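Thanks, everyone. Let's walk through one model and look at its packing.

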Amino acid sequence: MKATVLIPAAGTGRRMGGSINKQYLELAGKPVLAHTLTLFENHPQVENIYLIVSSDDISYCQEQIVDRFKFNKVSRIIAGGAERQDSVRNGLKALTEDGFNQPHRPILIHDGARPLFDCKRLSALIEAVEESGACTIGVPVKDTIKDVVNKTITGSPDRSRLWQAQTPQGFQYRLINDAFTQADADGFVATDDASLLERLGHPVQILEGDYRNIKVTTPEDILVAVALLGDDHCSG
Ligand SMILES: Nc1ccn([C@@H]2O[C@H](COP(=O)(O)OP(=O)(O)OP(=O)(O)O)[C@@H](O)[C@H]2O)c(=O)n1
Ligand SMILES: C[C@](O)(CO)[C@H](O)COP(=O)(O)O
């Protein structure tokens, strides 16, 4: 089955700082966001992409990212919201506005700030979403994690059960749409999309990704991303 992709890229990049939003910083001659879009543009199972950016950046993204790099699968650019969850919600609303009506179609949600996802894993993710309804990419944690309150350790969770959530995260359309409706009704806010289904008791699979799929968040991540892009990678 073909998939639809939502790319939330409407953050302010507060932790990165600087005068240029991190999505538009150049990595190996191409903006971070263009690397990310390339991963999905080139994948045969991706039918279309909804790009979600700050309302002030819509024309810039249309001209300097979508038109310049010829991303033919970007069917719409939408204004994001205050939090990541608001931005993803705006993407889902845009699908509804466009008359999208395929309850089981995989919707993949991927951070604009993760330009290094290995797109060879995308087919397996789509298959898992078709089979189980919800699946995210993640990696087992490598460090020992501490639970801390007031600068005092209150626990050391069993690392063998801990994974770091990454994106893409994939869901059948009806499931993620209903989970967002329910989260809105309950005022529930989370830092990833899978959490919205987990809280309803819906099982979410996790598919092992790789440690290169970093989220460009702080300045040193740019150095790491440049180094990793030089490695064999499918973003082209
Ligand atoms: N209101 C928001 C906030 C975040 N994002 C997107 O969600 C992804 C993950 O967010 P993060 O890396 O935390 O980005 P920022 O929110 O921009 O970073 P910061 O918290 O440092 O400001 C990014 O692609 C970001 O653009 C979004 O679409 N809308
Ligand atoms: C969705 C996410 O990428 C999973 O790791 C992450 O939670 C989003 O980043 P944020 O920094 O918490 O907004």
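**Helix H5 and the cores**

In H5, these residues are buried: Tyr 173, Leu 175, Ile 176, Ala 179, Phe 180 and Ala 183. Buried means under 20% relative accessible area, with a 1.4 Å probe and protein chains only. Helices are DSSP runs of H or I, at least four residues; strands are E runs, at least two; both are numbered from the N terminus.

This is a predicted model: local features need pLDDT of at least 70, side-chain atom pairs count only at pLDDT 80 or more, and totals for chains, interfaces and linings use all residues. Residues are numbered from 1 along each chain as its sequence is written, and side-chain values use heavy atoms, without hydrogens and water.

What covers those buried residues of H5? The cover includes helix H3 (84-97), strand S6 (106-109), strand S10 (163-172) and helix H6 (194-198). After H5 comes Gly 187, with a positive phi near 65°.

Now the largest nonpolar core. It has 30 residues, and Leu 33, Leu 37 and Leu 51 have the most contacts inside it. A nonpolar core is a set of buried Ala, Val, Leu, Ile, Met, Phe, Trp, Tyr and Cys residues joined through side-chain atoms within 4.5 Å. Elements supplying at least two residues each include strand S4 (46-53), helix H2 (58-67) and strand S5 (74-79). Apart from this core lies another, of 23 residues, among them Tyr 173 and Ile 176.

Last, the strands. S4 and S5 pair in the parallel sense, over five bridges; pairing takes at least two DSSP bridges. Ile 52 has Ile 78 in S5 as its bridge partner.

Note on methods. Chains lettered and ligands numbered in written order. Buried < 20%, exposed > 50% of the residue type's maximum accessible area, 1.4 Å probe, protein only. Contact = heavy atoms within 4.5 Å.
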